[in-house]
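Dear colleague,

Please find below the structure that I am handing over to you, with its sequence. My findings follow it, and I would be grateful if you read them with the structure open.

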Amino acid sequence: MQGWGAVVALAAMVWVAGHWSVVWPVLVAVLAAAVVGGAGWALLRAHRRAVGQDRAWRAEEEARARELSMAEVDALSWQEFETYVADLCRRDGCRDVVVSGKSGDLGADVVGYLADGRKLVVQVKKYAPHRSVGSQDMQKFVGTARLEHGADVALFVTTCPTFTKAALGLALRQDIVALHRDLLGVWVKGAHLETLIPMNGSGGGTRRRPSA
């Protein structure tokens, strides 16, 4: 068997030597195609890597920009923060925006109307960055936003980075829009309120929606 293999190999070499003028252009073309293909693959991988690095860099820069803008928000008192949220609502076309500015408001810190006429009721919580909004806070707002204030859109805005799993699950089930620190930062940076409402609780991707 090995003898036959050697004979075949020898015959192939003799044939190639006898037809070299025909064979070498083909070999050159194959080698050139292999080189070009390898270089193209390397360039594609480098491009994908560069795109991935650029996306990661942009995400980091956006997060850094949000935090810079949020530093100014963090410096506000809770009363100033309520007024600031009301100003954001007005900026985005809400009308008849009123700030409660007092205790006993039954969860309606800011009330107004979206551009399409829907009533907006906002609960504002200025919490430290290390805190989370718990289910008790959310339960109180769920119990008053629509029954007491007739909200079409109920918005819970906080400066802290997360809602607890129970609080966010309740918000999703009861159609309360939960804006944690990431989403608030995006809003502060100029995103329109109506584009944030469908993102309820997801923000910059730091939290996952819990199962209802």
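I begin with a single residue. Asp96 lies in strand S1, which covers residues 95–99. Please bear in mind throughout that this is a predicted model. Most residues other than glycine have a negative phi. Asp96 is not a glycine, yet its phi is positive, at about 50°. Asp96 is also exposed, with a relative accessible area of 52%; the cut-off for that class is over 50%.

A second residue belongs beside this one. Asp175, again a residue other than glycine, has a positive phi near 60°. Asp175 sits in the loop that joins H5 to S7.

Next, the chain as a whole. Its secondary structure consists of seven helices and seven strands. Along the sequence they are arranged in the pattern α-α-α-β-β-β-β-α-β-β-α-β-α-α. The chain has 212 residues, of which 33% count as buried.

I then looked at helix H4, which runs over residues 135–145. Which of its residues are buried? They are Asp137, Met138, Phe141, Thr144 and Ala145. Viewed down the axis of H4, these buried residues fall within an arc of 140°, so they line one face of the helix.

What covers the buried residues of H4? The cover includes the strands S3 (119–125), S4 (132–133), S5 (153–158), S6 (162–163) and S7 (176–179), together with helix H5 (165–173).

On the H4 side, the contact is made by Ser135, Met138, Gln139 and Val142, and on the H5 side by Ala166, Ala167, Leu170 and Ala171. By class, this contact has six nonpolar residues, two polar ones and no charged ones.

H5 has buried residues of its own, namely Ala167, Leu168, Gly169, Leu170 and Ala171. They pack against S4, S6 and S7 as well as H4. After H5 comes Asp175, the residue with a positive phi near 60° described above.

Finally, I would draw your attention to Pro129, which is found in the loop between S3 and S4. Is Pro129 buried, exposed or partly exposed? With a relative accessibility of 48%, Pro129 counts as partly exposed. Leaving aside residues up to four places away in sequence, Pro129 touches Pro161 and Arg181. Pro129 and Thr162 are 33 residues apart along the chain, while their C-alpha atoms are separated by 8.8 Å.

Yours sincerely,

A colleague

How values were computed:
Residues numbered from 1 in each chain as written. Predicted model: local features only at pLDDT ≥ 70, side-chain atom pairs only at ≥ 80, totals over all residues. Heavy atoms only, no water. Buried < 20%, exposed > 50% of the residue type's maximum accessible area, 1.4 Å probe, protein only. Helix = DSSP H or I, 4+ residues; strand = E, 2+ residues; numbered from the N terminus. Arc of directions from axis to C-beta. Contact = heavy atoms within 4.5 Å. Nonpolar A, V, L, I, M, F, W, Y, C, P; charged D, E, K, R; others polar.
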